[in-house]
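This report goes through the model shown below, from local backbone features to overall composition.

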Amino acid sequence: MTEDVQKHSVHTLVFRSLKRTHDMFVSDHAKSIALDDESHKLKMGVKLKADYGAVLHLPILREGKDRASHLSGSMEGHQNYAQPGEDPEYLITGTHAYPSGPGVALTTDTKMHRNPSDTGVHSMALVLPPSQARQDASRTAASIADIHRHAGGAERSHPPSSAVSLLEGGGTRNSALMRRAPTMPKPQWHPPWKLFRVISGHLGWVRSIAVEPGNQWFVTGSADRTIKIWDLASGKLKLSLTGHISTVRGVAVSSRSPYLFSCGEDKQVKCWDLEYNKVIRHYHGHLSAVYDLDLHPTIDVLVTCSRDATARVWDIRTKANVHTLTGHTNTVATVRCQAAEPQIITGSHDSTIRLWDLIAGKTRATLTNHKKSVRTLVLHPRQYTFASGSADNIKQWMFPDGNFIQNLSGHNAIINTLAVNSDGVLVSGADNGTIHMWDWRTGYNFQRIHAAVQPGSLDSESGIFACMFDHSESRLITAEADKTIKVYKEDDTATEESHPVNWKPEILKRKRF
């Protein structure tokens, strides 16, 4: 007969097990573990770099010897820290993280630099004595604001006044908690745009536009299967090219050779020689409709994207398929190229944006913030930033890693196309025929246009499929569903007094996802 086993509660068993573990690994519960000097130095070094990295290059001012003496011991041996007497003033230099334009190549040095953070400002306030704080406040606040502004994020930095009040407090920890609520910065004034010319000639939806590098003429591709070349100054038809057997979805004019490239829903990608006005090359490989294409600005490479969920990189001369960029799970609707890293950016109906390494042919980063199909991308001509358009929002991003900047909300429609000029005017065109004009820096929507459809067209046929600024950036060309091409110009007679900015410095309410 078996003996009765005493049953304990789970609570009791857990505590018995815990006691056994303590007895096994710790001989004396009351005795603390001895401090290891090497690990303590390593820990303090990491903490020093993380918390005070933004101010390690500053000299310890003589006025504040007593305040800074307790820091000097832990900072000994740090190579980047300046010793007293080396430089009576400090200046934040070389902290702009990435080049300001796509034409500047990234180097090891520029990658290592980091923007000073808000915590860096607070850390500096702790080091500086109260008497020195006032004279250095304006310089520090301005420098950091400038850095953020160059990176396209001025609206996220503290206003100079808050930095002054922080430093005036003598660097106490309580003052770091007193933050002013962020407000919408005042947008730059832009003159309104007005309809200048309507060009007719296509027999189907106009799906794509490209302006040639000399700014003399532009090209359109249409659902009538033709490519038409128009004189930019007069709007008159110069030439029609036939060869596609379905809708022409993308056109691009090379700045390096007399070639025009086109792609369409017939799966074809064609290279036209504009001296002979005929097709000289075909690029075979896509398994479904080709929706967009773009030319690399510095090397002879063509990138196309398709409904087969891939983007393909082609050698223009040899017609070789250099890379097939796979990873998207749905139609790749738009592709853009630039000289700097990442050299290729794609947007897809799977609601993601991918940044690609052209050399490896692999994804560098995937941006998943959008909730709906991404149908268009545009790169800023001067800043190292870009924007994406979707039915849920227009979003701005920073290269090279795709860091999110801000949402531009309010264009409640399916965004088909985006364009931006050097003056900071962002244009979005939608499926319902509306065009919205935005201030790039602040995201302020300063104008909304809904042009009338061509006589004889249905009101429902008022979609904007493509828009583009010409190279002088004085004209905006749109391709529309009423089979017309419309040209817009800035209103020369408008002034800030006649068209004031209806701007309210309200609390910033932007979604951070």
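N277 lies in the loop between strand 8 and strand 9, where strands are DSSP runs of E with at least two residues, numbered from the N terminus. Its phi is near 55°, a positive value in a residue other than glycine. With 34% relative accessibility, N277 counts as partly exposed, a class that lies between buried (under 20% relative accessible area) and exposed (over 50%), with a 1.4 Å probe and protein chains only.

K267 is placed in the loop between strand 7 and strand 8. Phi of K267 is near 70°, again positive in a residue other than glycine, and K267 is partly exposed with a relative accessible area of 44%. Most residues other than glycine have a negative phi, and most peptide bonds are trans.

## Basis of the model

This is a predicted model, in which local features need pLDDT of at least 70 and side-chain atom pairs count only at pLDDT 80 or more, while totals for chains, interfaces and linings use all residues. Residues are numbered from 1 along each chain as its sequence is written, and side-chain values use heavy atoms, with hydrogens and water left out.

The mean pLDDT (the predictor's confidence in each residue, from 0 to 100) of the protein is 79, and 70% of its residues reach 70 or more. The pLDDT is below 50 over residues 123-145, a stretch with 42 contacts in the model beyond near neighbours in sequence; contact means heavy atoms within 4.5 Å. Residues 507-513 also have pLDDT below 50, with 21 such contacts. Where pLDDT is low, the predicted coordinates should not be read in detail.

## Sheet 6-7-8-9

Four strands form an open antiparallel sheet in the order 6-7-8-9; two strands pair if DSSP finds at least two bridges between them. Strand 6 (248-253) and strand 9 (278-282) are the edges, each pairing on one side only. From one strand to the next the twist averages 30°, with axes fitted to C-alpha atoms and angles running from 0 to 180 degrees between N-to-C directions.

Strand 7 (residues 259-264) and strand 8 (residues 269-273) run antiparallel and are joined by five bridges. C263 has V269 in strand 8 as its bridge partner.

## Hairpin and cis peptides

Strand 12 (residues 310-315) and strand 13 (residues 321-326) are antiparallel, with five bridges. They form a hairpin with five residues between them, and K319 in the turn has a positive phi of about 65°. R312 stands opposite T324 in strand 13.

A cis peptide bond joins E341 and P342, with omega about -10°. P342 sits in the loop between strand 14 (332-337) and strand 15 (344-348). Another cis bond joins F399 and P400, with omega about 0°, and P400 is in the loop between strand 20 (394-398) and strand 21 (403-408).

## Buried residue V487

V487 lies in strand 28 (residues 484-490) and is buried, with a relative accessible area of 4%. Not counting residues up to four places away in sequence, V487 touches K194, L195, F196, R197, I199, R475 and L476. V487 and F469 are 18 residues apart in sequence and 9.5 Å apart in space, C-alpha to C-alpha.

## Overall composition

Buried residues make up 50% of the 513 residues in the protein. Among contacts between residues at least 6 apart in sequence, 51% join residues at least 24 apart.
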